[in-house]
Amino acid sequence: MQRILITGATGQIGSELTLALRKKYGGENVIAAGHTHQPDRELSESGPCCTLDVRDITALQSTVAEYRIDTIFHLASLLSAVAEAKPQLAWDININGLINVLETARIHHCAVFFPSSIGAFGPLTPAENTPQDTIQHPTTMYGITKVSGELLCDYYQHRFGVDTRGVRFPGLISWKTLPGGGTTDYAVHIFHAALKDGRYDCFLKPDTRLDMMYMPDAVKAAIELMETDSKQLIHRNGFNVTAMSFAPRDIAAEIKKHIPGFAISYTIDPVRQAIAESWPRHMDDSAARNEWGWKLEYDLPAMVKDMLEKLSNKFKIAKANGAEKN
Ligand code: AKB
């Protein structure tokens with residue numbers, strides 16, 4: 001891994017993964033490609049940035065050739081709730097975009113990281129201790145694109161020898177960039193609301209338990225998997241990875257330890273509730289642990305403490321900058 005392209009670099013994962021990779025591999029060697037959002041100052045000042053729609057294979061191939069890319073972290077994707085609202089667009093971006101990336105990787109000899117999701121499972125999957133290899137029969141368009149993506153990545157690996165690798169991310173929690181239209185987004189919004197208003201109205205039921213992970217662990221997982229000697233890997237794509245499993249009432253109780261007056265209420269969104277109920281509650285990630293040494297750093301208490309510290313600092317800085325301008 002020497003010259004890296006990140007698609008979806010301005011998104012929730014991309015904005016943090018790009019900075020981590022630049023720190024490790026050098027700013028000039030990590031190209032941040034975004035489509036709908038402008039890169040923020042930190043992203044645009046720390047290395048090359050470009051605008052790229054992954055559905056445009058000509059533009060994708062010329063970017064890869066121009067920057068002599070050898071590894072693509074392909075993060076551009078619609079999340080679950082948006083994909084349910086716009087299923088055709090989700091197929092176009094999530095599948096046609098991925099095929100373009102895989103074709104480009106085949107022609108230009110690149111390795112590819114593809115993030116799948118807990119969404120790749122469905123109601124027939126065992127919900128507790130979900131095995132690495134099990135029934136995958138998702139009922140959402142997002143899930144269909146994620147299973148198809150895992151299969152396409154496996155296909156390009158065994159048919160054409162493209163070095164594809166990937167994980168099934170759970171809900172990701174981060175303070176830098178907001179997620180855009182997922183079912184697990186409540187676990188990020190709750191922190192913003194707790195710090196700004198002292199209360200949060202949640203769109204999932206209090207006992208809807210799902211796997212979750214703090215962004216530093218997600219970034220670590222993506223980098224470590226791509227750095228692993230391929231001889232160690234039995235699986236290649238769709239590794240189960242998790243760090244914690246909680247329901248809205250559990251994270252609310254943890255936040256209350258830091259903000260005693262915090263209150264949570266519930267107004268259920270039937271679409272996102274149905275999506276969440278079709279997903280596993282807790283995955284078995286022993287394949288990732290055994291094959292490439294996956295190990296979490298943040299459990300629920302550690303994540304909540306760090307999120308509240310980082311986010312309140314961010315709000316203080318934003319307030320001070322706003323005050324300076326006025
Ligand atoms: C979503 O909620 O859509 C994502 C995911 C779990 O893949 N965060």
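## A buried glutamate and its partners

The side chain of Glu-150 makes a polar contact of 3.3 Å with the side chain of Gln-136. A second polar contact, of 2.8 Å, joins the side chains of Glu-150 and Arg-168. This is a predicted model, so keep in mind that every value here is computed from predicted atoms.

Where does Glu-150 lie? You will find Glu-150 in helix α6, which covers residues 141–160. Is Glu-150 buried or exposed? Its relative accessible area is 5%, and because buried means under 20%, Glu-150 counts as buried. Leaving aside residues up to four places away in sequence, Glu-150 touches Phe-114, Ser-116, Ala-120, Gln-136, Arg-168, Asn-237 and Gly-238.

## Two domains in one chain

Now step back to the whole chain. The domain assignment gives domain 1 as residues 4–170 + 215–240, and domain 2 as residues 172–212 + 244–280 + 298–320. Taken over C-alpha atoms, the centres of domain 1 and domain 2 are separated by 25 Å. To the contact, domain 1 brings 31 residues and domain 2 brings 24 residues.

The size of an interface is often given as the accessible area lost when the parts come together. Between domain 1 and domain 2, the buried area is about 2100 Å², and carbon and sulfur atoms give 62% of that. Which three residues supply more than any other three of the area that domain 1 buries against domain 2? They are Gln-12, Ile-118 and Pro-170, which together supply 29%.

## What holds the meeting place

Side chains of opposite charge can pair when their charged atoms come close. How many salt bridges are counted between domain 1 and domain 2? The count is two. There are also ten residue pairs in polar contact between domain 1 and domain 2.

On the side of domain 1 that touches domain 2, α1 (14–25), α4 (80–85), β6 (128–130) and α8 (215–227) each supply at least two residues. The residues of this side of domain 1 divide into 16 nonpolar, ten polar and five charged.

## Salt bridges to look for

A salt bridge links the side chains of Lys-176 and Glu-42, at 3.7 Å from N to O. Another brings together the side chains of Asp-269 and Arg-272, at 2.6 Å from N to O.

The side chains of Asp-92 and Arg-55 also meet in a salt bridge, with an N to O distance of 3.2 Å. This pair links distant parts of the chain, 37 residues apart: Asp-92 sits in helix α5 (residues 87–108), while Arg-55 sits in the loop between β3 (49–51) and α3 (57–66). Asp-92 is partly exposed, with a relative accessible area of 26%, and Arg-55 is partly exposed at 30%.

## A pair along one helix

An α-helix has 3.6 residues a turn, so residues three or four places apart point the same way. Asp-306 and Lys-310 give you a case to look at: both lie in helix α12 (residues 300–325), four residues apart, about one turn of the helix. Asp-306 forms a salt bridge with Lys-310, and their closest N and O atoms are 3.0 Å apart.

How accessible are the two partners? Asp-306 counts as buried at 13% relative accessibility, whereas Lys-310 counts as partly exposed at 30%. Elsewhere, salt bridges that share partners join Asp-53, Arg-55 and Asp-92 into one network.

## A helix with buried residues, and some positive phi values

Helix α7 spans residues 186–197. Its buried residues include Tyr-186, Val-188, Ile-190, Phe-191 and His-192. After α7 comes Gly-198, whose phi is positive, near 75 degrees.

Which residues other than glycine have a positive phi? One of them is Arg-68, with phi near 50 degrees. Arg-68 lies in the loop between α3 and β4 (71–74) and counts as exposed at 58% relative accessibility. His-109 is another residue other than glycine with a positive phi, near 55 degrees. The loop between α5 and β5 (111–117) is the place of His-109, and at 69% relative accessibility His-109 is exposed.

Methods:
Residues are numbered from 1 along each chain as its sequence is written. This is a predicted model: local features need pLDDT of at least 70, side-chain atom pairs count only at pLDDT 80 or more; totals for chains, interfaces and linings use all residues. Side-chain values use heavy atoms; hydrogens and water are left out. Domain bounds come from an automatic or database domain assignment. Contact means heavy atoms within 4.5 Å. Buried area is the accessible area (1.4 Å probe) that two parts lose on being put together, summed over both. A salt bridge is a side-chain nitrogen of Lys or Arg within 4 Å of a carboxyl oxygen of Asp or Glu. A polar contact is a pair of N or O atoms within 3.5 Å; within protein, one must be able to donate a hydrogen and the other to accept it, and residues adjacent in sequence count only if both atoms are side-chain atoms. Ala, Val, Leu, Ile, Met, Phe, Trp, Tyr, Cys and Pro count as nonpolar, Asp, Glu, Lys and Arg as charged, and the others, Gly among them, as polar. Buried means under 20% relative accessible area, exposed over 50%, partly exposed in between (1.4 Å probe, protein chains only).
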